[in-house]
Amino acid sequence: TPHPPPERPYARIRSPNRHRTYSRFMTVHVTLLPAALPPGIEPSNRVISYEDQDDIRFRYLLHDSGALVVRRTRHEEATVTEAVFGPAAWEGVQGDGSIQPHS
């Protein structure tokens, strides 16, 4: 599995069905596929953002299955799962994250 080069300041990661490039930002932005949008959400609002705050940090983990997991860490607390998107639900992600290696 390819990993982001450490010398690059930022990049993007696309879903497993698309060409992959890699990146690092402080906030996680997930772009959903139009078919995965909940009822009442306009197709122009496909990006869900998880904004870092003073004591909260968001990171994503791309699982081997193609699932995208957004995790939240609060200062001095355990990391918890904030959201999970199946491989057919998301199109792209930007932010601070990693790819889970093959087991």
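**Close-up views of an all-strand predicted model**

View 1. E76 belongs to the loop that lies between β5 and β6. Its phi angle is near 65°, a positive value in a residue other than glycine.

**View 2. The protein as a whole, for orientation.** The protein contains eight strands and zero helices. Read from the N terminus, its elements follow the order β-β-β-β-β-β-β-β. Of the 103 residues in the protein, 32% are buried. The accessible surface comes to about 6,400 Å², and carbon and sulfur atoms account for 52% of this surface. When contacts between residues at least 6 apart in sequence are considered, 51% of them join residues at least 24 apart.

**View 3. An open sheet of four strands.** The strands of this open sheet are arranged in the order β6-β5-β4-β8, and their pairing is mixed. The edges are formed by β6 and β8 (97-99); each has a single partner strand, so one side of each is left without a neighbour in the sheet. From one strand to the next, the twist averages 20°. In general, strands of a sheet pair through backbone hydrogen bonds, either parallel or antiparallel. Here β5 and β6 run antiparallel and are joined by five bridges. Within this pair, V69 stands opposite V84 of β6.

**View 4. The largest nonpolar core.** This core has 17 residues, and the members that touch the most other members are V28, V30, Y50, V70 and F85. At least two residues of the core come from each of the strands β2 (28-32), β4 (56-62), β5 (68-74), β6 (80-85) and β7 (90-94). The largest contribution, four residues, is that of β4. In soluble globular proteins, nonpolar side chains tend to be buried together.

**View 5. V70 and its contacts.** V70 is one of the core residues that touch the most other members. Residues up to four places away in sequence being set aside, V70 touches V28, V30, Y50, F58, R59, Y60, V80, T81, E82, A83 and F85. Among these partners, V28, V30, Y50 and F85 are themselves named with V70 as the members touching the most others in the core.

**View 6. R46 and its surroundings.** R46 is found in the loop between β2 and β3 (47-50). R46 is partly exposed, with a relative accessible area of 21%. With neighbours within four places in sequence left aside, R46 contacts V30, T31, L32, L33, P34, L37 and E91. The side chain of R46 reaches the backbone oxygen of L32 at 2.8 Å. H29 and R46 are 17 residues apart in sequence, and their C-alpha atoms are 9.9 Å apart in space.

View 7. E91 is buried because its relative accessible area is 17%, and the buried class takes in values under 20%. R46, at 21%, is partly exposed. The side chains of E91 and R46 are joined by a polar contact of 2.7 Å.

How values were computed:
Residues numbered from 1 in each chain as written. Predicted model: local features only at pLDDT ≥ 70, side-chain atom pairs only at ≥ 80, totals over all residues. Heavy atoms only, no water. Core = buried A, V, L, I, M, F, W, Y, C linked by side-chain atoms within 4.5 Å. Buried < 20%, exposed > 50% of the residue type's maximum accessible area, 1.4 Å probe, protein only. Contact = heavy atoms within 4.5 Å. Areas by Shrake-Rupley, 256 points an atom, 1.4 Å probe, with all protein chains shown as cover. Polar contact = N/O pair within 3.5 Å; in protein donor to acceptor, adjacent residues only side chain to side chain. Pairing = 2+ DSSP bridges. Axes fitted to C-alpha atoms, helices over the stretch in contact; angles between N-to-C directions.
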